[in-house]
Amino acid sequence: MRIGNRIKRQREFKGLTQKEASRGITSVSHFSNIENGRFQPSADILRLLAKRLEVPVEYFLDIHIEDIDTEKTLDEYEYIINSKDVKKIEEFESKRSDDLIYIPSIVQEFRFNLLKYLSFLEQDRFNEAICHYKKEISGVCRL
């Protein structure tokens, strides 16, 4: 997982184009290179992007610090998925989805994405599982 992946994920979550996200911060081509991992952004650019994307700058910098509350939420999610109770999975995702938008640790973020993939499979949402795998998991596995 690269910083660029996190920037792209937050940009897409906010519904911004690369042009909108980079406006006044850096050129669109440099921004694209950052998202694609060809360049590491400077600390100043990271601070400005964090502000624009409404996340703490630590989201891009402290990627190895695991959060205890997030870990508990992921444990609960995994337990519910393993129960194979589709209704409970849907309820959990409905009630707790906001708790998992900002995940500080890349390890926890990867675990969440694996659990989300399993959740789609348990709910027989195969097309969504495939899309999620391609977008969130397969690129990480190639690194």
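Colleague: At roughly what angle do the axes of helix 1 and helix 4 cross?

Modeller: This is a predicted model. In the model, the axes of helix 1 (residues 3-14) and helix 4 (residues 43-53) cross at roughly 30 degrees and come within 10 Å.

Colleague: Are helix 1 and helix 4 then roughly parallel or roughly antiparallel to each other?

Modeller: Angles under 35 degrees count as roughly parallel, and helix 1 and helix 4 are therefore roughly parallel to each other. Their crossing is left-handed.

Colleague: Which residues make the contact?

Modeller: Helix 1 contributes Ile3, Ile7, Gln10, Arg11 and Lys14, while helix 4 contributes Leu46, Leu49 and Leu53. Sorted by class, this contact of helix 1 with helix 4 has five nonpolar residues, one polar residue and two charged residues.

Colleague: What about helix 1 and helix 3, at roughly what angle do they cross?

Modeller: The axes of helix 1 and helix 3 (residues 28-35) cross at roughly 115 degrees and come within 7 Å. That makes helix 1 roughly perpendicular to helix 3.

Colleague: Which residues meet there?

Modeller: Gly4, Asn5, Ile7, Lys8 and Arg11 of helix 1 meet Phe31, Ile34 and Glu35 of helix 3. By class, the residues of this contact divide into three nonpolar, two polar and three charged.

Colleague: Let us change topic. Where is lysine 84 found?

Modeller: Lysine 84 lies in the loop between helix 6 (68-83) and helix 7 (86-96).

Colleague: Is lysine 84 buried or exposed?

Modeller: Lysine 84 has 54% relative accessibility, so it counts as exposed, the cut-off for exposed being over 50%.

Colleague: Which side chain does lysine 84 join in a polar contact?

Modeller: The side chain of lysine 84 is joined to that of glutamate 122 by a polar contact of 3.0 Å.

Colleague: And how many Å apart are lysine 84 and threonine 17?

Modeller: From C-alpha to C-alpha, lysine 84 and threonine 17 are 38 Å apart in space, and they are 67 residues apart in sequence.

Colleague: Which residues of helix 6 and helix 7 meet?

Modeller: In helix 6 they are Thr73, Glu76, Tyr77, Ile80 and Ile81, and in helix 7 they are Lys88, Ile89, Phe92, Glu93 and Arg96. This contact of helix 6 with helix 7 has five nonpolar, one polar and four charged residues.

Key
Residues are numbered from 1 along each chain as its sequence is written. This is a predicted model: local features need pLDDT of at least 70, side-chain atom pairs count only at pLDDT 80 or more; totals for chains, interfaces and linings use all residues. Side-chain values use heavy atoms; hydrogens and water are left out. Axes are lines fitted to C-alpha atoms, for helices over the stretch in contact, and angles run from 0 to 180 degrees between N-to-C directions. Helices (H or I, at least four residues) and strands (E, at least two) are DSSP runs, numbered from the N terminus. Angles under 35 degrees count as roughly parallel, over 145 as roughly antiparallel, 65 to 115 as roughly perpendicular and the rest as oblique. A crossing is left-handed if the near helix is turned anticlockwise from the far one by less than a right angle, and right-handed if clockwise. Contact means heavy atoms within 4.5 Å. Ala, Val, Leu, Ile, Met, Phe, Trp, Tyr, Cys and Pro count as nonpolar, Asp, Glu, Lys and Arg as charged, and the others, Gly among them, as polar. Buried means under 20% relative accessible area, exposed over 50%, partly exposed in between (1.4 Å probe, protein chains only). A polar contact is a pair of N or O atoms within 3.5 Å; within protein, one must be able to donate a hydrogen and the other to accept it, and residues adjacent in sequence count only if both atoms are side-chain atoms.
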